[in-house]
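The sequence and the structure are shown first.

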Amino acid sequence: MQTIKALINRYRLHNPQYDDLLKQFVESVATLYSMPCAFLAIAENDHFWYKAKAGVTIDRIDLANSFSHQVVTSNQSLLIEDTLNKPEHQNNHYVVNPPHIRFYAAVPFRLNGVAVGSFGLFDDAPRKGFQKELILLENLSQHLSECVELISNNLRTSEEHQLLNNSPAALIHWQVRPRLSTTFLSNNVGTLLGIAYPEDLGAFKLDEHIKENDLDAFLFSIKNHQQGALNCECDIRINRSSGQAHWFKMISRGVFENKTLVAIQGLLINNAEQKYLEKRILNTNERMSLLLEASGLGTSDWDIQNDNLRVNNRWCDILGLHPDSVDSSVLFWNQLVHPADKRRLSEIVQDNLRGHSEFMSFEYRIKHARGHWLWVETYGKVVTRDENGKPLRMAATHRDITEKKTAELQTERQRRLFSFINHAQNLFVAQRDIQQACEKIFPELLELADSDYGFIGRVLEEDGAPCLHIHAISDISWSSDSAKEYARFKEGNLRFTNLKNLFGHVVTSQAPVIANQPSKHRSSVGTPNGHPLLKRFLGLPISRDGQTVGMIGLANKLEDYTQADVDFLSPLTNTLAYLFKAVDVEQARYDAEKRLEYLAATDPLTSLMNRRAYFAQIDNISHSRNTEICIAIFDVDNFKHLNDTYGHPVGDICLVEISNAIRQLVRESDVIARLGGEEFGLYIDSQNQQFCQTLLDELRESIKKVVIETDKGPLTGISISIGATMVPSLANEYGVPHIEEHMKNADDALYIAKSEGKDCVRWFVTSQTTENAHPNKKSMK
C-alpha cells in the first residue's frame, strides 16, 4: 500500500491550484451545518496541516494534540458531542486553550483508499443529535476525494499535453467507423510535420502527405489493426510543404471494444537523425564486411540484453554451417564449444563483461558441422555499455588456426612423450624396478592419450599359458573384490590370466586393437557388472623380435581412437619393449648370481651347505647371538669299509640318504652341512644342552633305520658318531677364538666318541686333550 507521503506527492496536495475550489467546498459545508469552523486537515510527518479551512485561524496542529490523528489511525469517523464530558479529552490543549473545542465531528479523507487526513467540523459549544449529519459528512468527504482526483488528473493531462506539444512527437487519433477519419491532432502536428492542415479535422488525411514509396508501409499498419493487431510500427517519409521529405517513425495502437476496432491512435516521432545514422552505419558495415570477407575472419555481434548473436557468412563457412540454419542465441553457439574448453571460455567472456579486462583473446576448440573439431582464435570486447556500466553489446572476430595449432600441439605432445619416456628410463636405471617406472609415467600417459583409464602389462607364463603381469593400472574399483585386485597390484602381484577378451586379443593377435564401439568387436565379451562404462578402447602391443612381450590398454578417449594414436605412442611401446628386455636380462643375471652363490655354498652330492658356507654362517650366528649355541660334527662309522665292500656309488647313496634323514628331523632354524667325505656339521638352535642331547640321539636312531638296496643285498645298520660342544656368545667380544677353534673342540669330542666304541654322542669338556689323547684319529674312522 502507498504511504501518506507518497500520496501527497502523487496528488500534488501542496499545489495551490486546489486551494480556491477546496476552500469554497469547506466554507459551503460550514454554512450547511451552521458551524463556525470546518476544515480539511492532511497528516504529514509529526503534524497536521490545513489544506482548506473556514473559521480556523491556525495553519497546523501537532500530532499529539490532534483529534484528527485518531481519525486517520483508526480510519473511522469521530464524533464528540461535548469534550468536557470525555475524561480523555478534557485536558486537550485545544480544549483548554483557543479555539476551546467543545464539539468535534470528523470523517477520514481518503485518496486511493488510504486515509491521508480528516474532513470535519468543530464548535466552542456542545451539540447533540449529530449522528445522521455524520453520515452526510462521510458522503461529502467521498465527494471531496473525487474532486481532488479530477483536479489531479486534469493537472497531469495538462502537463502531458504541454509536454507532447513541445516534444519531437505528434499524436493523431482516428475513428474507424463508419469510416477512417481523423478526430484529434496534437497542437504540434503542423510544426513537427511541416505541413498545413484544415480546421475540419475530419478532412485531414495523413496518407496524402506520405511519400509514395512509403505509403504501403502506412496502409499495412492500418490493415493489421483492422485484422486485430494491437500494436504496429512503421517508418514513413512525410512530404513537407517546403518540398523536402522527412523521416518519421509511426507507432500505432488499436482501440478495441468487444474485439471490434473502434479507433487507432498514432504517435509520429521525428526519425530523421536515426535514419541518417542507420544509413551511415549501413555504409560503414558494408565496407567493413568487404574488408572482413577479404581477411577471412569470421565476425559476431552479440546483443546481450536480447541474447541475439549475429554472425557473418565467413564464420558460418569456417564451421561448415549454412547461414539459414544457425540460431541467434548464445546457447546454440556454446553447445558447439569443446567440453574441455567451455569453462575457461566462459570465465574469459565473463571477465570482459564485468570490465575486468579491456579485451579477450582465447584459443579453443569448436565443432564443425561434419563432426570434427576445429581450433579457432577469438578476439573480442564489449563495445557498448549503459550509463551504469552494464554491458549491452560485444563484438568479436574468429580465425581458423587448426593447422597451426595442430602442429604446435603435436610438437608439444611429442616433446612431453619423449620427456616422460626418458623419465621412465632414468627411473628404471636408478631403481631397477619396472613397476615403479611404469606407475610414475602412467598418469601422464593417460593425459597425453586423452584417456580416462587403462593399464600397462607384461606378458609372462603361468602354468604353461601366457598371462599379463600388471605394472600400472588405473584405480577403477567398483566393488570390494575389484578393490582387493587393485590392492594386489600395489603389492606387485596382479595378473590377468584370462586373455579370451578384448584386451587379450592384443596379445594373441600381436597387433593393435582399435575399438571405438567395443561391444561390436569380435573379441568383446562385455565387462563385469559395475565396471565403468567402456565407450572406446585402444590396445597397443609391446613387441620385441616379432613377439608380443606386453601391452598398453587405454579407454574412453573423448574422440575416436585412430591409427595416429598408435603411431604417436609407438616410441613408448618400443621403449617399454627394451625395458622389459632389460628386466629379463636383469632377472637372468640375478638368477645366475643366485645359482653361482648356491653352487659355491652347496655340496653337489647331498645339496647340503658346504664346509665354507657352513663355517661362515656359524661364525655369523655366534657373533650375533647373546646366548650359547650348540654345534656338532658327526661322522659315518666304518665308511671306508662300506666303500670297500659295496663300492663308492653305494657310499654316495648312503651319504644322500643320511642327508635326507637329517633334513626330516632337524628344524628350519637349525643348520646342517656336509663338511667333506662322510663328515657332517650341525648347528642346533637351542641353548639347552639336554634338548640338544635328545635331538642328537634321535638323529642317531633315525640313521640306523636307513636301508639301502644293493647288488649284495640290503645295507642296514648304518651308524654315526657325534661330537658336540656348547659355544659361548661371541657377540660384542673381541680377541676371542674364531669359530674354527670351537669346531675343533667338537671334532675332538667326535674322536672321543669314535674311540669309545662309536655310535654315540660325546660332549667336549675343557680338560680333555685332542692330539695327545688321540694320536691316530684317522685310523678310528
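## Strand S18 and its partners

The model discussed here is predicted. Strand S18 spans residues 465-473 and is mostly covered, with seven of its nine residues buried. Strand S17, residues 453-462, pairs with S18 in the antiparallel sense over eight bridges. Within this pairing, Gly 457 stands opposite Ile 470 of S18. The two strands form a hairpin in which two residues lie between them. Asp 463, in the turn, has a positive phi of about 55 degrees.

S18 also pairs with strand S19, which comprises residues 495-496; the two run antiparallel and are joined by two bridges. Here His 469 is found opposite Arg 495 of S19.

## Salt bridges between separate elements

A search of the whole structure finds 36 salt bridges. One of them links Asp 301 and Arg 393, whose closest N and O atoms are 2.7 Å apart. Because Asp 301 belongs to strand S12 (residues 298-303) and Arg 393 to strand S16 (residues 391-400), this pair ties together parts that are 92 residues apart in sequence. Asp 301 counts as buried, at 16% relative accessibility, whereas Arg 393 is partly exposed, with a relative accessible area of 34%.

A salt bridge is also formed by the side chains of Lys 404 and Glu 363, at an N to O distance of 3.9 Å. Lys 404 lies in helix H12 (residues 402-431) and Glu 363 in strand S14 (residues 360-367), so parts that are 41 residues apart in sequence are tied together by the pair. Both residues are partly exposed: the relative accessible area is 40% for Lys 404 and 25% for Glu 363.

In a further salt bridge, the closest N and O atoms of Asp 637 and Lys 754 are 2.8 Å apart. Asp 637 is in the loop between strand S23 (629-636) and helix H18 (639-646), while Lys 754 is in helix H21 (residues 739-755), so the pair ties together parts that are 117 residues apart in sequence. Asp 637 and Lys 754 are both buried. Elsewhere, a network of salt bridges links Asp 697, Arg 700, Glu 701, Lys 704 and Asp 759.

Lys 405 is another residue of helix H12. At 13% relative accessibility, Lys 405 counts as buried, because the cut-off for that class is under 20%. The side chains of Lys 405 and Glu 363 are joined by a polar contact of 2.7 Å. When residues up to four places away in sequence are not counted, Lys 405 touches Glu 363 and Trp 375.

Ile 401 occupies the loop between S16 and H12. This residue is buried, with a relative accessible area of 3%. Apart from its neighbours within four places in sequence, Ile 401 is in contact with Glu 363, Trp 375, Val 376 and Glu 377. The C-alpha atom of Ile 401 is separated by 94 Å from that of Trp 763, and the two residues are 362 residues apart along the chain.

## Strand S28, an enclosed strand

Strand S28 covers residues 720-727, and eight of its eight residues are buried, so the strand is largely enclosed by the rest of the structure. In a regular strand, side chains alternate between the two faces of the sheet. In S28, Ile 720, Ile 722, Ala 724 and Met 726 point one way, and Ser 721, Gly 723, Thr 725 and Val 727 point the other way. The residues pointing either way are all buried.

S28 has pairings with S23 and with strand S29. S23 and S28 are antiparallel and pair over eight bridges, and Ile 633 has Gly 723 in S28 as its bridge partner. Strand S29, residues 761-763, runs parallel to S28 and is joined to it by three bridges. In this second pairing, Gly 723 stands opposite Arg 762 of S29.

## A nonpolar surface patch

Leu 596, Tyr 598 and Leu 599 form a nonpolar patch on the surface, and together they have about 300 Å² of accessible area. Leu 596 lies in helix H16, which spans residues 563-601. Leu 596 is exposed, with a relative accessible area of 57%.

Definitions and conventions
Residues numbered from 1 in each chain as written. Predicted model: local features only at pLDDT ≥ 70, side-chain atom pairs only at ≥ 80, totals over all residues. Heavy atoms only, no water. Buried < 20%, exposed > 50% of the residue type's maximum accessible area, 1.4 Å probe, protein only. Helix = DSSP H or I, 4+ residues; strand = E, 2+ residues; numbered from the N terminus. Pairing = 2+ DSSP bridges. Salt bridge = Lys/Arg side-chain N within 4 Å of Asp/Glu carboxyl O. Patch = residues over 30% accessible without salt bridge, like charges linked within 9 Å, V, L, I, M, F, W, Y side chains within 5 Å. Areas by Shrake-Rupley, 256 points an atom, 1.4 Å probe, with all protein chains shown as cover. Polar contact = N/O pair within 3.5 Å; in protein donor to acceptor, adjacent residues only side chain to side chain. Contact = heavy atoms within 4.5 Å.
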